[in-house]
Amino acid sequence: MRVIAGTARSIGLVTPKGMDTRPTVDKYKETLFNCLQSQVGNCVFVDLFAGSGAIGIEALSRGASKCYFVEKGSDAIKCIKENLKKTHLEDRAIVSQKDVLYFIKSSLNEIPDIIFLDPPFKDHLEAKVLPLLVEENKISEDTIIIVECDLDAKFDYLDELGLEIYKEKVYKTNQHIFIRRK
């Protein structure tokens, strides 16, 4: 796994050992950032369930002004910090070893431009995170939310939250769902 583009282009990244994280493959990461193109520069990016930090690091490499990395696993936090050091991007990174729901309630003190979440597929935690983002007023009309999830994920509750899917990228085993306020 490596950084695809930007100031840290081609730098290899480390990932946590074991099966607790699923790094987004380079091809899907490239597709994701092609969809975001001009929105990443100078944005505030949030990488929830950050794993190795590869998505947030890609955003920083492509010009995001700041990125919050939120992960509760200590091995993953070590990888994020090591990857930030390797890519020389640590000066624009805020790394939080916290539960994502707790972080949203207690530590996210600004409205981000882009929120990426890649929760464990089997737990469908996006169904808890999305309502909390709305309830806690952590998104604006301009905030882009991207959920990486399995092909069976359901989003039939978005309408009652005032959210809508405006783009979907479906791959062999997972998908990226792009969500915004209506």
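Some ground rules. The model is predicted, with local features needing pLDDT of at least 70 and side-chain atom pairs counting only at pLDDT 80 or more, while totals for chains, interfaces and linings use all residues. Residues are numbered from 1 along each chain as its sequence is written, and side-chain values use heavy atoms, leaving out hydrogens and water.

Let's start with the sheet. Helices (H or I, at least four residues) and strands (E, at least two) are DSSP runs, numbered from the N terminus. Two strands pair if DSSP finds at least two bridges between them. Seven strands make an open sheet here, and the pairing is mixed. Read the order as S3-S2-S1-S4-S5-S7-S6. Which strands stand at the edges? They are S3 and S6 (163-170). Each has a single partner strand, so one side of each is left without a neighbour in the sheet. From one strand to the next, the twist averages 15°. For angles, axes are lines fitted to C-alpha atoms, for helices over the stretch in contact, and the values run from 0 to 180 degrees between N-to-C directions.

Now the helices on the sheet. Contact means heavy atoms within 4.5 Å. H1 packs on the sheet and touches S1, S4 (114-117), S5 (144-150), S6 and S7 (174-181). The direction of H1 makes about 20° with that of S7. H5, residues 126-135, also packs on the sheet, touching S1, S4, S5, S6 and S7. The direction of H5 makes about 170° with that of S5.

What is buried in H5? Glu 126, Val 129, Leu 130, Leu 132, Leu 133 and Val 134 are. Buried is under 20% relative accessible area, exposed is over 50%, and partly exposed is in between, with a 1.4 Å probe and protein chains only.

Over to S2 and S3. S2 (residues 66-70) pairs with S3 (residues 93-96) in the parallel sense, over four bridges. Between them the chain runs through H3, residues 74-87, in a right-handed β-α-β crossover. Right-handed means that, with the strands pointing away from the viewer, the path from the first strand over the helix to the second runs clockwise. Phe 69 has Val 95 in S3 as its bridge partner.

Next, aromatics. Rings of Phe, Tyr and Trp (its six-membered ring) pair if their centres lie within 6.5 Å; planes under 30 degrees apart are stacked, over 60 edge-to-face, the rest tilted. The count is five aromatic pairs. One of them is Phe 33 with Phe 45, stacked at 6.4 Å centre to centre and 20° between the planes. Phe 33 sits in H1 (residues 26-36) and Phe 45 in S1 (residues 44-48), so the pair ties together parts 12 residues apart in sequence. Phe 33 is buried, at 1% relative accessibility. Phe 45 is buried at 1% too.

Last, two loops. His 88 lies between H3 and S3. His 88 is not a glycine, yet has a positive phi of about 60°. At 63% relative accessibility, His 88 is exposed. Asn 137 lies in the loop between H5 and S5. Its phi is positive as well, near 55°. Asn 137 is exposed, at 54% relative accessibility.
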